[in-house]
Amino acid sequence: MTTSTPPSWSAAGLDHALARSRAEQRAALGLYLPVGYPTRAAGLDALHLMAKHADVLQLGVPHTDPVLDGPVIRRAAAQALDAGFRMRDLFDAATELTAAGTTAVLAMSYWKPIEAYGPRAFAEELAAAGVAGVLVPDLPETETETETETDTETATDTAAATWQRAARAAGLHTSTLIPPRASDAHLAALGSVTSGLIHVPATPGLTGARRPLSPYLPHLVRRVRTLTGLPVAVGIGIGTPDQAAQASAYADSVIVGSAVIRRMHAQPGAAAVTAAEAARDFAEGVRRARPPAT
């Protein structure tokens, strides 16, 4: 992504996490949890425990219409919203987590909550909380932004340009999720407006799928890395530590969400401890990376 503002110290935390895992010849483990699930207190306890095993924590913004998520994350997001989630909970959780350790923290939000809060305010508050970057999986009209001499938003700005301007000013990384069957030209264009990580789905469809990883995934990761010049995160479909080990052999980061939440849901009275156990299992998985099947 072309930028006139250097990444902030918090954004550099993601770069350090990726460099550290690369030196250990494995993928960085990213763990996703909607903020406020299953409750504010239990969710924050879970995140603190997960941070002991993760290289990156991805804090989800609960949303009423999570179009890319399967039933596990949908249920968790609905529970967090029913419990009274407010955007301030995201900033407070991020501030506490970044102050407590060295795990890099990212945010994941659909566009509508960002738009409703105000992109500039959202980016500034995340940066102040120590967040390294944001994944907006449904950012409309994600396209290469043409630089202008002014930083003033206009009525003709695309959502992508509005967000990129806000993120750039705050020093945040902007991650993107590649669409299905993206052409080489589209991938190169995405690379020009992305920094930190670019996300590749491990399986087609919604999050939480329970199926084998595609045999074409290693080739896709290499293609995306070559065309964008960016580290590649593999998520959406990493359901077991064995799959994490498989993807760790060729990805720069492995993102796990539904598999952790599924375990938490099965043990509602011990959600934080169960999340920590799941985090430990997946951390062991990425550390025993195995070559992809040929």
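This is a predicted model: local features need pLDDT of at least 70, side-chain atom pairs count only at pLDDT 80 or more; totals for chains, interfaces and linings use all residues.
Trainee: What makes helix 2 and helix 4 roughly parallel?

Mentor: Helix 2 (residues 40-50) and helix 4 (residues 87-100) pack at an angle of about 30°, with their axes 11 Å apart. Angles under 35 degrees count as roughly parallel, and therefore helix 2 is called roughly parallel to helix 4. Their crossing is right-handed.

Trainee: Which residues of helix 2 and helix 4 make the contact?

Mentor: Helix 2 brings Arg40, Leu44, Leu47 and His48, while helix 4 brings Asp89, Ala93, Glu96, Leu97 and Ala100. Sorted by class, this contact of helix 2 with helix 4 has five nonpolar, one polar and three charged residues.

Trainee: Why are helix 8 and helix 9 called oblique to each other?

Mentor: The axes of helix 8 (residues 184-192) and helix 9 (residues 217-228) cross at roughly 60° and come within 8 Å. Roughly parallel would need an angle under 35 degrees, and roughly perpendicular would need 65 to 115, so helix 8 and helix 9 are oblique to each other. The crossing of helix 8 and helix 9 is right-handed.

Trainee: Which residues in helix 8 meet which in helix 9?

Mentor: From helix 8 come Asp184, Leu187, Ala188 and Gly191, and they meet Arg223, Val224, Leu227 and Thr228 in helix 9. By class, the contact of helix 8 with helix 9 has four nonpolar, two polar and two charged residues, with Gly counted as polar.

Methods
Residues are numbered from 1 along each chain as its sequence is written. Side-chain values use heavy atoms; hydrogens and water are left out. Axes are lines fitted to C-alpha atoms, for helices over the stretch in contact, and angles run from 0 to 180 degrees between N-to-C directions. Helices (H or I, at least four residues) and strands (E, at least two) are DSSP runs, numbered from the N terminus. Angles under 35 degrees count as roughly parallel, over 145 as roughly antiparallel, 65 to 115 as roughly perpendicular and the rest as oblique. A crossing is left-handed if the near helix is turned anticlockwise from the far one by less than a right angle, and right-handed if clockwise. Contact means heavy atoms within 4.5 Å.
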